[in-house]
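Subject: Handover of a structure and notes on its features

Dear colleague,

Please find the structure below, together with its sequence. My notes on what was found in it follow directly after.

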Number of protein chains: 2
Amino acid sequence: MDTVLARFTSLFQQVADLRRAAELIEWDERVCMPSGGASTHGEMQATLRRLAHEAFIRDEMGTSIHALVRSSDPGSSEGRLAAVALRDYDKATRVPPSFVAEHAETVSASQHAWEQARARNDFGGFAPHLQKVLDLKRQYVTFFPPADHPYDVLLDDCEPGMKTAEVKQLFGVLRPRQVALIKAIGTRPPIDDRPLSGSYAEADMLGFAVDVASKFGFDWSRGRQDKSVHPFATGIGSDDVRITTRWVERMPFSLLFGTMHETGHALYEQGIGKALHRTPLEGGTSLGVHESQSRLWENVIGRSRGFWRHFYPSLQTRFATQLAGVDGDQFYRAINKVAPSLVRVEADEATYNLHIMLRVELEIALIEGQASVKDLPALWKDRMQEYLGLVPPTDTLGVLQDVHWSAGLFGYFSTYTLGNVIAAQLWQRFGAINADRDAQIAAGDFTPLLSWLRTELHQHGRAYQAQDLVERVTGRRIDPTPYLHYLETKYGELYGL
Amino acid sequence: MDTVLARFTSLFQQVADLRRAAELIEWDERVCMPSGGASTHGEMQATLRRLAHEAFIRDEMGTSIHALVRSSDPGSSEGRLAAVALRDYDKATRVPPSFVAEHAETVSASQHAWEQARARNDFGGFAPHLQKVLDLKRQYVTFFPPADHPYDVLLDDCEPGMKTAEVKQLFGVLRPRQVALIKAIGTRPPIDDRPLSGSYAEADMLGFAVDVASKFGFDWSRGRQDKSVHPFATGIGSDDVRITTRWVERMPFSLLFGTMHETGHALYEQGIGKALHRTPLEGGTSLGVHESQSRLWENVIGRSRGFWRHFYPSLQTRFATQLAGVDGDQFYRAINKVAPSLVRVEADEATYNLHIMLRVELEIALIEGQASVKDLPALWKDRMQEYLGLVPPTDTLGVLQDVHWSAGLFGYFSTYTLGNVIAAQLWQRFGAINADRDAQIAAGDFTPLLSWLRTELHQHGRAYQAQDLVERVTGRRIDPTPYLHYLETKYGELYGL
């Protein structure tokens, strides 16, 4: 290893270890921590994050990164490492520590206020907090060079390199087609999904979910699964990737599909190339690409006919009482039922993106100053009516439902839709180069798919930004066509459109 | 808060957070970590320990501690904080970082070699590693001012302030009386403990153990219990104290007594005064005092007639088949059976200290240069014969049985015996000031005992060293008399001596 790279590596490993430790502490907080340990965890977390930040922004690190950029070929793996490190360093050094501290305090208070406001359906109690968060977000934008659009800066933190204009254009294509699809579905008789809400036992569902995760390729020697209030996946480095799930009595299958979803995230993290471990290139390249992996396994695979052709017999054996008299086709139809609803996290595949668009549009309007905080509840209701034909009876079921804004996560939402779109694009490409794709899934053989994802996507970690990565793999930049084709074909067939 | 103290506090909190994080990572490694995460954990652990060490030994910290020592009254709580901080700082700054690194590497290799040697009964394969560890230990001693005895330096790391001469004197009193007691017991008919090795279910035993821990006063909102290969207790600060247990089929009651033992450690950690949290005074004052708490709850309470007068009926109900026809007296006798054996961790109350004395005597001889590594197996066998009348047929069951030496833990063993002795001394004192002591235990009421321990011991954390602490509480320095009285009375009655 040349000395410039060796110097950078040794400096960076300390940052990586501190960040990994902070991830582990956060996992522990959500999975293991006794309630009385909250302050202790908060203190540890703050100290580790601060030390990781300080270790990363010091001048020595900057010097080392600049030397690495100068000494490496931009097209080489070392060059890509240098470019990502420089981008991260540049972003990290632009934001004053005093701002970081104020932001942390503000979102902590704001999340607390949001929880109470949501419980009491009291948007007015949350509004001043949201205003503060919004003010900070607008201030944050000023730390960076002027962009085409101020929202670009926020988007870039979640989806590096992505532009607001690209997202708007994508949404412009998706919106009318998805609204039309849902309207058409609304004219058809509803699917009967009562078999999904029978009395299922948690342990049995978990057993089935674990079997599926194993079949997908989850490496249990480098990961584990636990329960938590909100399901999530986290990588304490790529060799210790942990997913969680939850059991909701009235939605027994959410444990299964949630496990497939988090397994998708985990397979990405577990697939990062060995050479990238403990470097700035470790981890997923963007939230959108990460979400493409979770959605691919949860929806494109996990809600497909082929998958259930293979798995339904064993599901039915396991739940002989609950699924007595329900054939594979009925089950497939039930898990793909489309019905506009108020709550994003329970939305089906066909309506999900509309929940996202609504949020992203409001977020952009807030950042632009075209909308104000006090108008949000009304704007939310109007747009829900327009996109999904529903009006939330309360703000709790409307503008107060998501944690993101209270947590300062502006720029996050669009990545869910980007994930759906990229997943379909990858799926199409995998079919184009592999004529046996559908037969493999219907045989429960996921090895070819995972191997392909590993080679094309996972191993590269953060080396390529989303657009470039998708173009390398599929020959096209992010493109809504395959997704719309997937959606319209699948639901056209299901609803006889 | 005055500015000198405030300055020190803000510097130290970073050290405390890093150490707590390292503790949590270690807990995770032993309880949760998937096997593939070992390198990741090793790296994180090394980085956090190094950063904690660096943050503690920097000049700024030294200046701040010296200022605190100068500005505070030695008899005040601030003065005690300053004294402990100075002692820790002095010790930490005397040991060169290069030595710390070499020690870490050596014991890592040595533990690995020990595992293999133990599995193969191959002391010769372990000897060169042990020699290296011993050489480092002797080098370590040279970093400190000359002591009365070189072993004092090693002892001080586990039992601050304790002298080799004090330990030798204590052992000199205990040894002949314990050897005589065991010989006398050997002339009596053995106790029948077959009821303890029936077929018990792990979940039932765990349920009973958890009930007992709760009754003792374990605060589950500030702690948890899990399974691990070797049981242990750890405090991630005093508000998050975790214990573990294990299930060994052939010794079903070891889960119960092990839980009582770890609960004793945990009660100490949970009882540290709020004002000491996140300061150098947080934690137990010495390994011996820590062990006094575990032994008090496990043995003095948990193997007493009074305890089982209260708990045996519920135990018998829970294990109706296994304990059918076994009355409370038979059960009490069974859990207190004395029988010299080869393995320390399975030794009974009467023989345990002799296992310890043997180890400490050999350790001191090694440090003094009076014994050499190659002589250890023979010395071990001779002394086992002398103390317990047994000769291990293999080194695996002899000199290779404990991890301590391979891990560089010289100076550790005597704290087990100190714990036994201090426990009896505390117990006697608690009886002297509380005439209802035995009635309370027999009624399953542990609140008076725990409250007393909290007030007299736990809350002070590291503020007083073991000898001073014991003297404050009992009016005497560490004294073997109550322990010998406890042992001879209990086992005299049990064996009709």
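Is B:Glu471 buried, partly exposed or exposed? With a relative accessible area of 35%, B:Glu471 is partly exposed. Please keep in mind that this is a predicted model.

**Salt bridges within a chain**

B:Glu471 takes part in a salt bridge with B:Arg477, with an N to O distance of 3.1 Å. Over all chains, the structure holds 82 salt bridges.

A second example is found in chain A, where A:Glu60 and A:Arg7 form a salt bridge whose closest N and O atoms are 2.2 Å apart. A:Glu60 belongs to helix α3 (residues 59-71) of chain A and A:Arg7 to helix α1 of chain A, so this pair ties together parts that lie 53 residues apart in sequence. A:Glu60 is partly exposed, with a relative accessible area of 38%, and A:Arg7 is partly exposed, with a relative accessible area of 38%.

B:Arg49 is partly exposed, with a relative accessible area of 33%, and B:Glu23 is partly exposed at 26%.

**The interface of chain A and chain B**

How many residues does each chain bring to the contact? Chain A gives 34 residues and chain B gives 34 residues. The area buried between chain A and chain B is about 2,600 Å², and carbon and sulfur atoms give 59% of this area.

Between chain A and chain B there are 6 salt bridges. One pair in a salt bridge is B:Glu43 and A:Arg20, with the closest N and O atoms 3.2 Å apart. The rule for polar contacts finds 15 residue pairs across the interface of chain A and chain B. On the side of chain A that touches chain B, at least two residues each come from α1 (3-31), α2 (38-57) and β1 (223-227) of chain A. The largest share of that side, 10 residues, is supplied by α1(A).

**A covered helix in chain A**

Helix α7 (residues 150-158) of chain A has 7 buried residues out of 9, so the rest of the structure largely encloses this helix. Among the buried residues of α7(A) are A:Tyr151, A:Val153, A:Leu154 and A:Cys158. The buried residues of α7(A) pack against several helices of chain A, including α4 (77-94), α8 (164-186) and α16 (414-433).

**A sheet in chain B**

Chain B contains an open sheet of 3 strands in the order β1-β3-β2, with mixed pairing. Its edge strands are β1 (223-227) and β2 (233-235) of chain B, each of which pairs on one side only. From one strand to the next, the twist averages 20°.

Strands β1(B) and β3 (residues 241-245) of chain B pair in the parallel sense over 5 bridges. Within this pairing, B:Arg224 has B:Arg242 in β3(B) as its bridge partner, and B:Lys227 stands opposite B:Thr245 in β3(B). β1(B) is mostly covered, with 4 of its 5 residues buried.

B:Asn121 has a positive phi of about 50° although it is not a glycine. B:Asn121 sits in the loop between α5 (97-120) and α6 (123-142) of chain B and is partly exposed, with a relative accessible area of 35%.

B:Arg278 also has a positive phi, near 65°, in a residue other than glycine. B:Arg278 is found in the loop between α10 (253-270) and α11 (287-301) of chain B. With a relative accessible area of 16%, B:Arg278 is buried.

B:Asp479 is placed in the loop between α19 (466-474) and α20 (481-495) of chain B. B:Asp479 is buried, at a relative accessible area of 10%. A polar contact of 2.7 Å joins its side chain to that of B:Thr481. Leaving aside residues up to four places away in sequence, B:Asp479 touches B:Val421 and B:Gln425.

With kind regards

Technical notes
Residues numbered from 1 in each chain as written. Chains lettered and ligands numbered in written order. Predicted model: local features only at pLDDT ≥ 70, side-chain atom pairs only at ≥ 80, totals over all residues. Heavy atoms only, no water. Buried < 20%, exposed > 50% of the residue type's maximum accessible area, 1.4 Å probe, protein only. Contact = heavy atoms within 4.5 Å. Pairing = 2+ DSSP bridges. Axes fitted to C-alpha atoms, helices over the stretch in contact; angles between N-to-C directions. Buried area = accessible area lost by both parts, 1.4 Å probe. Salt bridge = Lys/Arg side-chain N within 4 Å of Asp/Glu carboxyl O. Polar contact = N/O pair within 3.5 Å; in protein donor to acceptor, adjacent residues only side chain to side chain.
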